[in-house]
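Keep the viewer open as you read.

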Amino acid sequence: MKNLSLYIHIPFCAAKCSYCDFLSFPADEAVMEKYVDCLREEIKSFAAEFTEHKVSTIYFGGGTPTCLSAYGIESILNEVRGHYCISDDAEITIEGNPESSTLEKLSILRTAGINRISFGVQSFDDKCLTAISRLHSAQQAADAFYIARNAGFGNVSIDLMFSLPHQSLGNYGETLDSAIALKPEHISCYGLTIEDGTPLRDAGYTTDEELDREMFYLTCEKLKDAGYIHYEISNFTLPGFESRHNTAYWNGTDYRGFGLGASSYVDNVRFSNTDNLDEYFLRKYERKEVYNLSESDEMSEFMFLSLRLLEKGVDAAHFFRRFDKNIYSIFGLQLNELIEGGLLRTSGGRYILTPRGIDLSNQVFMKFLLDKKA
């Protein structure tokens, strides 16, 4: 059977953060209950397409999935169980914010089979949290971590951000120290991106590129010293706790998205759901923005998705098995240029980003867009 990952989008949150341009918004309980009903119907409606697949990962993302009642989340998961073949060792993740994570709720979720939780902490500095409109304090973030442990979660991830307003290199280092002291199994660290239409953009906030890089280097240094493996550009893990769901994306595994605006990639076709809630409530589940990947698209994606995995990189033998083509016949010029420029290195038939290549990863990835170069 083919592996399949499921993504389930919960678009609700208590309030929008000042940096957020995700598909998320506040809603009352009636709207959330109606959404759960539609989501369960959508999940059931497409099950017949995946009888030859085994679900290896499930990911509840948002928004803030823990805005829903625990029983609402459990009912969604039970709908999946009732109609899809799920691996016995499937990784089932839920995103949550500290302020909506109670012991009662997390205990119900753990009993329901969710075995990984990812907290949107962002910072352990209250001034920074206020500046980006987060609703929790640093203490609440630490408390949520211990609540998750008490609820039985042995696999906890923490999201952090750097280049935030009021954030110096020193107090970002203190945030890293606070995260490390908790000993989560996984830590994601993202540089703040100022998106159009967000309050931070409207306020004229800009990031300092040099400070941003210093914060990234400090992240790598501190987490390495603490025993974390830098396995993907923005992700660090204790041994054996890589995000299997996100790794499935980077490895090109099929995934099906359910819920408002959710994206999917199945049999080399990318598509998404409607992002209009009224339309979704009418049970309009037809595919939007359908794109059939050409072989050039597939080869390009293979390159830049594989390069995100910092220890594995691009495997030339795997490229040949998948496309029946020698990697140098397609990307020889790009590979030579990037190696000579110190952005890639070779190791045992693999091409791996160097530290400088990580810094300039977007420029590296652009080199492999075949259709763009044509």
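## A salt bridge between helix and loop

Glutamate 337 counts as partly exposed, because its relative accessibility is 42%; the class lies between buried, under 20% relative accessible area, and exposed, over 50%, with a 1.4 Å probe and protein chains only. This is a predicted model, in which local features need pLDDT of at least 70 and side-chain atom pairs count only at pLDDT 80 or more, while totals for chains, interfaces and linings use all residues. Residues are numbered from 1 along each chain as its sequence is written, and side-chain values use heavy atoms, leaving out hydrogens and water.

The side chain of glutamate 337 meets that of lysine 367 in a salt bridge of 2.7 Å, N to O. The term stands for a side-chain nitrogen of Lys or Arg within 4 Å of a carboxyl oxygen of Asp or Glu. Glutamate 337 belongs to helix α13 (residues 327-340) and lysine 367 to the loop between α15 and α16 (370-373), 30 residues apart. Helices (H or I, at least four residues) and strands (E, at least two) are DSSP runs, numbered from the N terminus. Lysine 367 is also partly exposed, at a relative accessible area of 25%.

The whole structure holds 18 salt bridges. One of them joins lysine 2 and aspartate 254 at 3.1 Å, N to O. Lysine 2 sits in strand β1 and aspartate 254 in the loop between α9 (244-250) and β9 (255-258), 252 residues apart. Lysine 2 is partly exposed at 40% relative accessibility, whereas aspartate 254 is buried at 8%.

Arginine 283 and glutamate 41 form another salt bridge, 3.1 Å from N to O. Because arginine 283 lies in the loop between α10 (277-281) and β12 (288-292) and glutamate 41 in helix α1 (residues 29-45), the pair ties together parts 242 residues apart in sequence. Arginine 283 is partly exposed, at 31%, and glutamate 41 is partly exposed, at 30%.

## Aromatic pairs

How many aromatic pairs does a search of the whole structure find? The search gives 20, where rings of Phe, Tyr and Trp (its six-membered ring) pair if their centres lie within 6.5 Å, with planes under 30 degrees apart counted as stacked, over 60 as edge-to-face and the rest as tilted. Tyrosine 7 and tyrosine 59 are stacked, because their ring centres are 6.2 Å apart and their planes are at 20°. Tyrosine 7 is in strand β1 (residues 2-10) and tyrosine 59 in strand β2 (residues 53-62), 52 residues apart. Both tyrosine 7 and tyrosine 59 are buried.

Phenylalanine 304 and phenylalanine 365 make a tilted pair, 6.2 Å centre to centre with 40° between the planes. Phenylalanine 304 lies in helix α11 (residues 295-308) and phenylalanine 365 in helix α15 (residues 361-366), so the pair connects parts 61 residues apart in sequence. Phenylalanine 304 and phenylalanine 365 are buried.

## A three-stranded sheet

Strands β13, β15 and β14 form an open antiparallel sheet in the order β13-β15-β14. β13 (314-315) and β14 (344-347) each have a single partner strand at the sheet edges, so one side of each lacks a neighbour in the sheet. Strands pair here if DSSP finds at least two bridges between them. Two bridges join β13 to the antiparallel strand β15 (residues 350-353), and aspartate 315 has arginine 350 in β15 as its bridge partner.
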